[in-house]
Amino acid sequence: MSSKQQLIDQVIQAWHALQQKTPLIQCMTNSVANNYVANILLAAGASPAMIDNPYEAEEFTKISAALSINVGTPTTEQTQAMLISAQTAQQHQIPWVLDPVGYGPILKWRSETVDQLLQYHPTIIRGNASEISALAGNHVQSKGVDSTLNSQDVYEQARRLLQHTDCVAISGVSDYIISKQFDMVIQVNGGCHLQPKITATGCALGALTAAYSAVASPAIAALASHLHFAIAGKLAYDQAQTVGSFNIMFLDYLHMLDDNLIHQYYSIDCL
Amino acid sequence: MSSKQQLIDQVIQAWHALQQKTPLIQCMTNSVANNYVANILLAAGASPAMIDNPYEAEEFTKISAALSINVGTPTTEQTQAMLISAQTAQQHQIPWVLDPVGYGPILKWRSETVDQLLQYHPTIIRGNASEISALAGNHVQSKGVDSTLNSQDVYEQARRLLQHTDCVAISGVSDYIISKQFDMVIQVNGGCHLQPKITATGCALGALTAAYSAVASPAIAALASHLHFAIAGKLAYDQAQTVGSFNIMFLDYLHMLDDNLIHQYYSIDCL
Amino acid sequence: MSSKQQLIDQVIQAWHALQQKTPLIQCMTNSVANNYVANILLAAGASPAMIDNPYEAEEFTKISAALSINVGTPTTEQTQAMLISAQTAQQHQIPWVLDPVGYGPILKWRSETVDQLLQYHPTIIRGNASEISALAGNHVQSKGVDSTLNSQDVYEQARRLLQHTDCVAISGVSDYIISKQFDMVIQVNGGCHLQPKITATGCALGALTAAYSAVASPAIAALASHLHFAIAGKLAYDQAQTVGSFNIMFLDYLHMLDDNLIHQYYSIDCL
């Protein structure tokens, strides 16, 4: 089992690798998140491209370093593209992240798409507590696309999902990372209460997890992205306590993160 | 007839109800507005979800507290979803707001959709002066999606629309609210001249009106959303006089609004 | 041949004309850029409308002062609309700008669309070095939608494109403008290294070029838009050195540009 310090050393390695390689990340995300996700990946060091049509999906996935799929506002064409790209990623061993936005009994169409996508073995599944619990087979009534459950209450259920994926990350007041790599559950603390008041922060976190998966193992990629967000969120909140201003500072600190800030501000627990 | 003070008391009640209930608002809006609308609803206290595909529309509308439909950049699938959701909202007595972006003789396809949507009796219709005048049967040549008429010149025409809806709200330098509930026309003053220089402010105002319609009568909902915008716009302009910075402060003040700010800064007239 | 001072005088005339006419610009752009493009055009003085469906494309292009087509995230419906609007623009002598995002051997579908669009003789083609080089017939492997080439290395190749268009603008560390109007190549300096770290700045530059093409010759329109961006970028960077804050200041300075700032801060070379 790794010590906390060993984990953080690997996160810092992953952060450096992200800056050096600026990996090309194909993002298939929702219409609310598109601009925000691209800006967050650019700020954090990756090179995003939002190619999400079925006619270019296969060729583009082949040249991408990682793939991020988020089913927030699917269209028929985008859904076709997602299935093609997930299959291509699996065939070519390109890491990919699945963000099952709104998975559950109300939003059946996307949930069926998610079920199909699971066949292509996502490298990492990232979601909120309601989505992860529903995906693990529980009956959950979420409130729209927001969670009605706490992340700490569902991470044990998430182990069931390791039959479909190498790693599960659950975001909430604290985030939890369950993986095949580590027996322990990693808890990430930090961030601030304003993050859920800004749309698409979860979607952007999923895409950043994909970016890190291009340069690190699944569990370290999930840890790195969640710490990147948690530290930037904490530092931004020290500067700005209201949603509009906070969001600008959050982008600034996502961009300014470095070794020293990671060392100084990380807060994780191994459960 | 209510006095101004009675109206403001009801607005403050509505604002409190919005904060307490954080109602789930289904937003079917345009591709320009999507992210901005979600952030404004979150800042103001509601819980937005941008479900706009025809396969999930009916089920999602049924669990929503209100529905917002904006025809700014329609696609075939989104148009289908809008018709399904409007019908569902009417059947289940869920309040819904129609924002007929660009209604008029040039943009025929969306205008035909709007005509169909009117059959499902929108709770509130919100638009700029050109859109409302065109919808009331006048021949209007708008400039793209921006108004070429003044709100004060068209509010009498808007009375004709009360056969299709319970309330009409017209935005402009001053906003005007016409309703079945009140004989008078309510004029809302405030805001600032920079708001039309930021895209999708009108679209976001429509969605916020839907959010308030989940917790108040149609006329009070329209009044509350328009005052929420007018006060936040005025306070933001006191801090920042240029578009980029103003927009951030505007989000901040939408979030910071409270009883005291409403009492201190509201400006309405009853005509 | 014009002197630098004569060129700048024409840029200032174009800027004044943009403020006075606030021309209606039809923007068919990608889902990442939509909101940002609209806000940048509003900040700079134009009146954008994002009409991109095939059922309203023809009628709307006819009343627009200029058209901007950007193939960043095409859908089937949007692609149909682009072909209709480009043809309409040519027939009605409405200036239009083509931004061939991602043109090259990997993204075949959009590249075929771009090839078809070229038949309608875009007034101006604007792109990054990889896109322009690929469009000029070279084999280029770009990194997603970002350039792998330098603008100074490809502007000679761009002359070949003058069989399809009146003007080519290539963005990069310096920008280069090649036109039928001038024998010389105009090099625009300025901006800052943060601009490529903000998504859709290139897309917005293409749309602003379309806005200026409604009030100036193709070469002056391209020069005016690129200087508008370069000066605002430089001034913004003097105020804010990180991506989030920089982007807000960039919008502010795009809005605050005037004669004096253009005179004081322009930097161009005639090659």
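Me: Why is A:Met50 called buried?
Reply: Buried means under 20% relative accessible area, exposed over 50% and partly exposed in between (1.4 Å probe, protein chains only). A:Met50 has 7% relative accessibility, so A:Met50 counts as buried. Keep in mind that this is a predicted model, where local features need pLDDT of at least 70, side-chain atom pairs count only at pLDDT 80 or more, and totals for chains, interfaces and linings use all residues. Residues are numbered from 1 along each chain as its sequence is written, chains are lettered from A and ligands numbered from 1 in the order in which they are written, and side-chain values use heavy atoms, with hydrogens and water left out.

Me: What makes A:Ala200 buried or exposed?
Reply: Its relative accessible area is 11%, so A:Ala200 is buried. The unreviewed UniProt entry lists A:Met50 and A:Ala200 under "binding site", though such annotations may be inferred rather than shown by experiment.

Me: Which residues does A:Met50 contact, leaving aside neighbours within four places in sequence?
Reply: With contact meaning heavy atoms within 4.5 Å, the partners of A:Met50 include A:Cys27, A:Asn34, C:Val32 and C:Thr73.

Me: What makes A:Arg110 and B:Glu56 a salt bridge?
Reply: The term requires a side-chain nitrogen of Lys or Arg within 4 Å of a carboxyl oxygen of Asp or Glu. For A:Arg110 and B:Glu56 the N to O distance is 2.7 Å, and the count between chain A and chain B is 1 salt bridge.
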